[in-house]
Amino acid sequence: MLSRLFAPKVKVSAHCDLPCGVYDPAQARIEAESVKAIQEKMAANQDPHFQARATDIKEQRAELAKHHVSVLWSDYFKPPHFEKYPELHQLVNDALKSLSAAKGSTDPATGQKALDYIAQIDKIFWETKKA
């Protein structure tokens, strides 16, 4: 009886935990830009304390970028987007893999590769916003 009393009167659903509707690949891009910038600074400064701090920060930023790409893939992009852009699944996978590579590397080329994939996701994202 109590369960019926406290049961919801209306059922709702949302595509994410809180339906804010705020998505933007810029979040991933900014974090990936930080990764690349840190990689460039690491090449110019061989101090072991700096290297340790920079490595920690670079790895955190790469994880944040991966998180933002994953949120776009799982929460923003819907089946119609994947139908219109069949390369999107592979593109997201490539972006995530490149961010993992950049996380474990001091080579700015790996950071740039991640940025290139994010730029492609960004282009598709804004095309879907026009529709």
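Predicted model: local features only at pLDDT ≥ 70, side-chain atom pairs only at ≥ 80, totals over all residues.

User: Is Gln 112 buried, partly exposed or exposed?

Analyst: The class follows from relative accessible area, where buried means under 20% and exposed over 50%. Gln 112 has a relative accessible area of 28%, so it is partly exposed. Gln 112 also shows how sequence and space are to be read separately: Ala 37 is 75 residues away in sequence, yet the two C-alpha atoms are 9.7 Å apart in space.

User: What is the secondary structure of the protein chain as a whole?

Analyst: The protein chain has six helices and zero strands, so that, in the notation of elements from the N terminus on, the order is α-α-α-α-α-α. Of its 131 residues, 34% are buried. Contacts can also be sorted by separation in sequence: among those between residues at least 6 apart, 73% join residues at least 24 apart.

User: How many residues does helix H2 have, and what does it reach from its first C-alpha to its last?

Analyst: A helix may be compared with the span expected at 1.5 Å a residue. H2, residues 26–44, has 19 residues and reaches 27 Å, close to the expected 27 Å.

User: Which residues of H2 are buried, and against what do they pack?

Analyst: The buried residues of H2 are Ala 26, Ala 28, Glu 31, Ala 32, Val 35, Lys 36, Ile 38, Gln 39 and Met 42. They pack against helices H3 (48–76), H5 (88–103) and H6 (108–130).

User: At what angle do H2 and H6 pack?

Analyst: The angle is about 165°, and the axes are 8 Å apart. Angles over 145 degrees count as roughly antiparallel, and H2 and H6 are therefore roughly antiparallel to each other. Their crossing is left-handed. On the H2 side, the contact is made by Ala 28, Arg 29, Ala 32, Glu 33, Lys 36, Gln 39 and Glu 40; on the H6 side, by Pro 108, Thr 110, Gly 111, Gln 112, Leu 115 and Ile 118. The residues of this contact divide into five nonpolar, four polar and four charged.

User: Where is Ser 105 found, and why does it count as buried?

Analyst: Ser 105 lies in the loop between H5 and H6. It counts as buried because its relative accessibility is 15%. Leaving aside residues up to four places away in sequence, Ser 105 touches Gln 39, Lys 58 and Thr 110.

How values were computed: Residues numbered from 1 in each chain as written. Heavy atoms only, no water. Helix = DSSP H or I, 4+ residues; strand = E, 2+ residues; numbered from the N terminus. Expected span 1.5 Å × (residues − 1). Buried < 20%, exposed > 50% of the residue type's maximum accessible area, 1.4 Å probe, protein only. Contact = heavy atoms within 4.5 Å. Axes fitted to C-alpha atoms, helices over the stretch in contact; angles between N-to-C directions. Parallel < 35°, antiparallel > 145°, perpendicular 65-115°, else oblique. Left-handed = near helix turned anticlockwise from the far one by under 90°. Nonpolar A, V, L, I, M, F, W, Y, C, P; charged D, E, K, R; others polar.
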